[in-house]
Amino acid sequence: MSTPAPAAIQQPRPASARDTEKTSNGSNSNNNNNNNNNNNDNSPDLLPMHQPDVERASMAAGVKAAIRYQVHPKGETGRRGIHPSHFLKIIFRSSSWASRIVNVLWPVVPAAIAVRYAMPDNHLPIFILSYLAMVPCANLIGFAGQELSRKVPHVFGVLVETTLGSLVEIIMFMVLISRPETPGIDYTQVIRAAILGSVLATMLLCLGLCFVVGGFKRDEQTFSEAVSEAGSGLLLVAGFGLAIPTVYVHSLSGSGRLEEAELLARTMDISRSTSILLIVSYLVYVYFQAHTHHGIYTDIFEEEEIRDEDGHVDNKRAHLTFTECVVALTISIALVSIIAIALVDQIVFLVEERHVSDAFVGLILLPLVEKAAEHLTAVDEAYDNQMNFALSHVLGATLQTALFNGPLVVIVGWGLGKPMGLNFEVFDLAMLLLAILTVGNFLRDQKSNYLEGVLCVIVYVAIAVAALYYPNPEHHGSTASAGAGAESGGH
């Protein structure tokens with residue numbers, strides 16, 4: 001007689017803040033885990049896979065099983081696919097009060113597109129409408145990225161959210177570098193100013209606002225040393241790398257040791273080599289954060305979710321499905337691309353007719369609209385006492401601009417035969433290095449308060465005033481900047 005086989009022992013499923021899906025009635029994660037273990041046939045809160053699949057995923061060592069286990073195509077309410085009414089309602093309600101205010105600007109989007117094609121000679125209305133229309137589109141990219149990040153592990157989610165938030169900036173840079181040479185405007189000069197302006201806007205204005213709104217409800221906020229030290233160190237490396245071509249060209253300019261054309265050619269080679277090295281350093285940073293040392297950041301971010309003061313409200317809020325996230329990203333990226341072209345085409349009008357300096361357009365105007373989504377997300381997180389999340393978004397966006405987006409446009413310009421280098425104006429570079437030192441000093445003690453935030457904002461406003469009065473380079477639009485290539489060498 002054969003002995004009956006023993007009953008299979010149920011293996012508990014490892015739970016985390018992102019693994020456990022929340023029901024619409026707000027039941028907690030412990031109840032969900034108990035339901036999954038004891039009542040697999042009746043529980044509505046299972047992950048979007050059958051229980052045998054979960055057991056195989058927990059036992060298999062392959063990467064496929066891990067990915068299948070981590071990515072959740074369903075929304076937290078158990079929906080799949082796309083439901084137009086729910087989709088529009090969730091997008092309009094967004095994730096914070098600031099995002100809901102921004103969504104009021106959606107009627108400006110079709111107005112901006114219509115005015116651009118119906119009245120192409122009305123440059124100022126086109127610029128104003130396009131500038132305003134960019135904000136809700138960027139906000140939708142940020143919101144869809146935030147929803148998508150909920151369906152993957154913590155560290156990877158932060159990287160995805162930061163990368164998607166920088167899409168507006170990348171699109172803007174690509175549109176600028178692809179513009180043909182135009183008398184009266186040097187687009188490479190605008191891009192160089194926009195690179196540093198984006199870093200300054202995120203590092204001073206956004207971080208300052210995070211400190212201010214977080215300080216409204218509490219005396220001070222704390223954040224992890226692992227987040228602040230890694231970010232501060234990389235900011236110094238980024239500032240050092242961006243400074244090399246500028247220091248080189250200004251050290252040798254007028255010395256007589258090199259012909260002007262030779263100096264410019266060597267500066268361009270240094271810029272391109274430095275850009276490759278900066279991109280490599282960014283990829284190493286991503287690998288460090290997402291692979292080899294992800295456990296440190298995962299623990300920090302999981303603890304941060306516990307500190308979320310309105311987490312119970314967020315748990316009850318409806319969320320997008322994976323399909324709806326993809327649709328939202330597709331629509332918003334298409335709109336951003338259309339509006340970015342209209343916006344860039346009006347820069348010539350601003351510079352020539354309205355006498356706005358390249359420095360102000362690049363340092364102030366463009367970065368504010370490029371980083372709108374990331375700024376709103378970070379400020380909302382700081383308000384909810386999630387300073388590690390906020391700081392990760394601020395430093396992540398800053399590092400991506402300095403180490404990846406800026407060098408990327410140099411490489412693209414190289415491929416297009418454009419004289420795009422990292423030889424910045426001395427004023428722009430000096431402001432960047434001073435800002436890095438200032439922010440690094442504020443982050444040193446892993447504490448923040450509203451006073452430090454106000455000081456950061458004041459520094460940014462002072463830079464904006466100086467940029468407004470900063471004159472355009474001599475021979476503006478063709479031969480001024482050191483990056484203007486061979487034409488400059490003939491003067």
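Modeller: In this predicted model, a residue is called buried when its relative accessible area is under 20%.

Biologist: Why does Arg150 count as buried?

Modeller: The relative accessibility of Arg150 is 17%, and the limit for a buried residue is under 20%; Arg150 therefore counts as buried.

Biologist: Where is Arg150 found, and what separation do the C-alpha atoms of Arg150 and Glu161 have?

Modeller: Arg150 belongs to the loop that lies between α7 (123-149) and α8 (154-165). Its C-alpha atom is separated by 9.5 Å from that of Glu161, and the two residues are 11 apart along the chain.

Biologist: What makes Cys206 and Cys456 buried?

Modeller: Cys206 has a relative accessible area of 1%, and Cys456 has one of 0%. Buried requires a value under 20%, so Cys206 is buried, and so is Cys456.

Biologist: How do you know that Cys206 is too far from Cys210 for a bond?

Modeller: A disulfide requires cysteine sulfur atoms within 2.5 Å. The closest cysteine sulfur to that of Cys206 is in Cys210, at 4.4 Å, and is therefore too far for a bond. By the same rule, the count of disulfides comes to zero.

Biologist: Which residues touch the most other members of the largest nonpolar core?

Modeller: The largest nonpolar core has 113 residues, and those touching the most other members are Met134, Met172, Leu176, Met203, Ile347, Leu363 and Leu366. Helix α10 (residues 187-217) supplies the largest share of this core, 18 residues. In soluble globular proteins, nonpolar side chains tend to be buried together.

Biologist: Which residues does Met172 touch, leaving aside those up to four places away in sequence?

Modeller: Met172 touches Met134, Ala340, Leu343, Val344, Leu366, Val369 and Glu370.

Biologist: How many helices and strands does the protein chain have, and what percentage of its residues is buried?

Modeller: The protein chain has 22 helices and two strands. Of its 491 residues, 54% are buried. Its accessible surface comes to about 21,800 Å², with 63% belonging to carbon and sulfur atoms.

Biologist: Among contacts between residues at least 6 apart in sequence, what percentage joins residues at least 24 apart?

Modeller: In the protein chain, 83% of such contacts join residues at least 24 apart.

Definitions and conventions
Residues are numbered from 1 along each chain as its sequence is written. This is a predicted model: local features need pLDDT of at least 70, side-chain atom pairs count only at pLDDT 80 or more; totals for chains, interfaces and linings use all residues. Side-chain values use heavy atoms; hydrogens and water are left out. Helices (H or I, at least four residues) and strands (E, at least two) are DSSP runs, numbered from the N terminus. Buried means under 20% relative accessible area, exposed over 50%, partly exposed in between (1.4 Å probe, protein chains only). Contact means heavy atoms within 4.5 Å. Accessible areas come from the Shrake-Rupley method with a 1.4 Å probe; for residues, only the protein chains shown count as cover. A nonpolar core is a set of buried Ala, Val, Leu, Ile, Met, Phe, Trp, Tyr and Cys residues joined through side-chain atoms within 4.5 Å.
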